[in-house]
Amino acid sequence: MKMLFAILMPLGAAFADDFPEVYNSEKNQKGEPMSPEEAAKAFKVPEGFEVTVFAAEPEVRNPIAMAWDHKGRMWVAENYTYAEKEKRFDLSLRDRVVIFEDADRNGKAEKRTVFSDTLQMLTSVEVQPGGVWAMCPPQLLFIPDANGDDVPDGEPEVVLDGFTVAKSNYHNFANGLRWGPDGWLYGRCGGSCPGSVGAPGTPDVERVPLRGGIWRYHPKRKFFEVIVHGTTNPWGHDWDEHGEGFFINTVNGHLWHMIPGGHFDRPFGRSVNDKVYEAIQMHADHWHYDRGESWNKSRNGAANDFGGGHSHIGMCIYQGDHLPKEWQGKLLTWNQHGRRLNVEKLEREGSGYVARHEPDQFLAGDDWFRGLDIREGPDGALYGLDWSDTGECHDHTGVHRTSGRIYRFSWGSISKLVLPLDEDLELRNYVYDGGPWGWRQARKWIAGRENLDSVSLGAIDGDPTLFRLRELWIMNAADQLKRKDLIRLLADHDEHICVWAIRLLTDTWPIDSVYGPMAHRKAPSVPELRDRFVEMAKEDGSGLVRLALASTLQRMPVEDRVVLASALAGRAEDAEDHNLSKLVWFGIMTLGEEKLKVAEATSWPDLLRYIARSAVGDAKLVREVVRLAAQDETKSGFLLKGLMEGFKGWKKAPIPAEWGADSVELTKRHPKLTRELSALFGDGRARDSLKATALNNKEKIPVRKRALEALIDAKVEGLRGLCEKLFWTNGLCETAVKGLVGFDDPLIGESLTKNHRKLYHVEDKAAVIDALVTRPRWAGFLLGAMKKGDIPQNAVTPFHARQILAMKDEALKTQLNEIWGEVRQSDKVVKARIVTLEKSLASEVRAKGDMAQGRVLFQTLCATCHRLYGQGGKLGPDLTGSGRADLGYLLENIVDPNSVVPVEYQMSLVKLKNKRVLSGVVSASTDRTVTLRTLTEEVTLEKSAIAETILLPDSMMPPGLLDTLSAEQTRDLIAYLMHPQQVALPDEKK
C-alpha cells in the first residue's frame, strides 16, 4: 500500500485529496448530535470545573484512542473502517493517525498534523522517540520516524501478528497500547477474539495463545507474553503512583487488579488451561448496574445510582495536581450506557486492592456522547474522546463517521505546565517536579534513546517512596540497574519498593515457562534469589509483597516452585485471601507429584481442593491425597471434596491402595463424602448404604437427592428399578428421570410419555420432556402424544424442537413440522419479521405493556439460559447490563440469534454410544471427561462413552421464541426486557 507522508496543515484545512470520502451508515432517526460547544456546556460537572472543546469535527472524527508525546502533543487514532455487523469492517475506507498541538495551553488545539492515513482496522496508537506504534489487528505495527519530524521514514513494520479478529463480537479485538512503568508496551484483547501471537513467520507451535486479557511486548528484547488471562472485553488500563496496574472490563465485572499470572473470571468459554478450576473474581465491591434480587431498590429511576451500566471504555488513574485533592489517585472510566464518568476509590485490602464506588461525574447532556478514552494531559487537566454516535460498542445501527470530539475537563486556572522534554533540560526535574505526566514521558524518552552513557538521578535511598519508585523505573529504562542493588531493596521497609525489586529481578524470566509454546524458554535457577524469596514468603508482613512472590511462581523454574509455594501457603492468615490461593495454584498447577508437598504445608481450603482435584487420573497421586486426608483431620474434608470434583462424570474409579483402612477413619469425619467415594470405587457396602438413604422416607429430601445423584453417577446395579420407584416421590422425580435417561429402552420412553400428564410439578414435567428429546425413539413417542393431544404443544419449546432436528431423522423432522411447526425460516422471512415487530412495538405500544407479566414470560422462556438482575441461568450472556434498551438490537438477537454466533455460544451435538443425543455448550474438557452445559443442567460425560461430537454453527438460542406468543405477550416481554430496572411479579404487587 502506498505510504502517504505526513501533511502539516492549520486546523480547518482540507483533508488529503486521495483520502477516501467517509460516509454515515447510521440508521437511527435521531437527528444530529449537539454542536461541540453545546455538548461541552451540557455536561454536568462539579462546581469550579470547566469543559472546553479541544478539537471537534471536521478536524477529528471517530476518535478511538489517544496518546501523548514528550512535546506535550496529543496523538489520536481515527477509525473509519469499523462498521456495522453486516460488514464488520469497510476496507474501502482507511484509518489515520493525527497529531494535535495546543502550544499556548488554552485548552484548544491550534495545529493538526496528519501523520499517517494509510492504516486500517486501527484501534490504538502509542509513541516513543524514533517512531509510532499502531495496533491494527491482526497486526501490531511500528512506523519509523527516526528524526521525529512527524514524517514516516518508510512503510510500517509488522512487529507481531496473530491478533485474530473474530467474525462475531469483532468489537473485542486487540486494542489499548500503553507504556508501562517497567518499560514494556502493554495492550489488551477481548475473549471473543482468540489469537495466536508471534513475530511474522513464527511457527504455530511457538506462538503464544491469547484468549482475552492483558499482554505486553518488550521492543528491545523482542519478547511477547500474556500476563493476565480472562475477562470479557477490557478497554482501558493504567497504573497508580506505585506502579500497580488496573484495568476495566465489560459485562462480568468492571474492574481488576492487573496481577501478572492471574486467570480472571470469564462470562463464557473456558480457560486454555484445563487446570484453571476457579478464576479470580473482580476487584471491586460493587457493580454498575442492579444485579440483585430485590426489585424495589431500583424504583423511581434510581437505577443510575448504580453507575449507568455494564460497558466501560477508557481509563486513567488521576495523579496530577491540577484537579482538587479529592481526585488524587481515583480511577476514572467512561460508562458508555450511562454516558458518564465512573469514579472508583482504590484501597488496599488483603494481598491486593478493592475498588469502591464514588459519586459519578461528568454526566453528558448529549445523547450522542460515546466516551472512548480519557487521559491526563501535560497541564494536569483531563482529556476525553467522544466517538459521537447513537449506537453502542456493537454499532448494529451503523456508524456515524462524520462526527467526533475531544473535550478538556479543567478546574480553575492552569497554574503549572510541563515543558517539552529534550536533551537540554535537566532530567531530574521531570522525576521530581514534572508530575506523573512528566516522569512518564521522561521514562519513555530514555527507553527510546540509544547508546546512553549514564543517567544520573541521585541516590535511590534518600527520597520518599514515590520518587524512589520513579527513579527505579527510569534507571530500569536506561538498563542501568544492578542486581545487587535490587537484592538489597528486597529488605526495604516500604512494600512498594520490595514489590518492584521482585518484579525487576525476574523481569527477564518468561512467564509460564513450563506450559505451552514457551516451554523451551525456561527461567534460570538462581538459588540466591529463591532462598531470599522463600525467606520473605515466610516472614514478610506485607500481603502485597506475598502477592508479588505468588505472581513470580510462574516465572520460576520447576525445581524452585514447590519450596516457595509451600512457604507462601504456610501463612494461615492468607487462607481466605481474594487472590493468593488461586495465584499460588496457578503457579504449581502444571507440576506433578511435587505439588503434594505444598498440600502438606498448607491449611488453605481452596488450594487443598485444587491439589486433590488435579490428582485424579493418577492412581499414585490419589493414594497420596487419601493418605494425607486420613492423617490430617483439618485437611481431610477439603481433600475429599477435591477428589469428588475431579471424579465428576466418572462411572467407576480404581480403588486406592489401603482405602479400606483409611475410609474407616474418614467415614467418622465425613460420612457422606467418604460413602460417595466408596461407591465410586466399587464398594458394595457404600452403594447399599446410599441406596438405603435414597429410599428412606424419613430422611430429608436434599439428602436423599444427593444419595440418588451419587448412585446415578456411579451407574450402580439396580439403578433403573430404583429410579422407577423414586419417580413418584415428591422432590426426587426430576433426579430419577435423569437416571432413567441413561437406559436405551423404548419401554422407558413410552412410560415417561404416558406419565407426563400425571405429574403435578412444572419442573418434573419439563424434566420428562428434556429426557424424551434425547433419543429418536423417545422423541417419536413425544410427537405422537402431542398429535393425540395428550401432551400440549407448548410443552415443547424451540430448544426441544431443535434438539429433535439435530438427530437428523427425516421422519421425525416431518412429524415435527406437521405437529409443532417450522424451526428454521429463510433470511428474507426473518428480516421481514424483525421489521414487522419493530413497527408493532413502537414506544406508545410498549408503554401499555404489562411488565409484571413480561417478567413471568421471561422466567418461562429466557431465564433457563439468561440471568437478569441476579436470577436465571448461565448458558447465555447476562442481560442485566446489556444494550437491551435498544429495540432493534433486542429484536435482532431474539428473532435471528444465528446471524452471528460467537464461538463461545456455538452449540455442540454430542452423540453417545448408547444412542442418546445431547446438545449444549462445551464448558470444560479433561483427558477423561467433557462437561456439557445444556439447557437444563451441566453434564459431565466420560469421553469413552461418546461416539461423536459435532460443533454446529448455531447459537444455543433457537429462533422462533416469539412465534408462540400473542401480540400482547410479545409486547409485555419486550417492555419488560427494555425496562432499566426490576419489576414486581404479579403476586408481589401491593
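**View 1. Salt bridges across the predicted model.** The count comes to 59 salt bridges, where a salt bridge is a side-chain nitrogen of Lys or Arg within 4 Å of a carboxyl oxygen of Asp or Glu. Side chains of opposite charge can pair when their charged atoms come close. This is a predicted model, in which local features need pLDDT of at least 70 and side-chain atom pairs count only at pLDDT 80 or more, while totals for chains, interfaces and linings use all residues. Residues are numbered from 1 along each chain as its sequence is written, and side-chain values use heavy atoms, with hydrogens and water left out.

**View 2. The salt bridge of Arg207 with Asp161.** The closest N and O atoms of Arg207 and Asp161 are 2.8 Å apart. Arg207 lies in the loop between strand S13 (195-197) and strand S14 (208-210), and Asp161 in strand S10 (residues 157-161), so the pair ties together parts that are 46 residues apart in sequence; helices (H or I, at least four residues) and strands (E, at least two) are DSSP runs, numbered from the N terminus. Arg207 is buried, with a relative accessible area of 10%, and Asp161 is buried too, at 17% (buried means under 20% relative accessible area, exposed over 50%, partly exposed in between, with a 1.4 Å probe and protein chains only).

**View 3. The salt bridge of Glu535 with Arg532.** Here the closest N and O atoms are 3.6 Å apart, and both residues lie in helix H7 (residues 527-539), three residues apart, which is about one turn of the helix. Glu535 counts as partly exposed, with 37% relative accessibility.

**View 4. The aromatic pair of Phe49 and Trp327.** The structure holds 41 aromatic pairs, meaning rings of Phe, Tyr and Trp (its six-membered ring) whose centres lie within 6.5 Å, with planes under 30 degrees apart counted as stacked, over 60 as edge-to-face and the rest as tilted. The ring centres of Phe49 and Trp327 are 5.2 Å apart and their planes are at 45 degrees, so this pair is tilted. Phe49 belongs to strand S2 (residues 49-56) and Trp327 to the loop between strand S21 (312-317) and strand S22 (331-335), 278 residues apart. Both residues are also part of one aromatic cluster, whose members include Phe43, Trp334 and Tyr407.

**View 5. Arg216 and the ring of Trp184.** Arg216 lies over the face of Trp184, at 3.6 Å from the ring centre; a charge sits over a ring if NZ of Lys or CZ of Arg is within 6 Å of the ring centre and within 35 degrees of the ring normal. Arg216 is also linked in a network of salt bridges with Asp182, Arg221, Glu225, Asp507 and Arg555.
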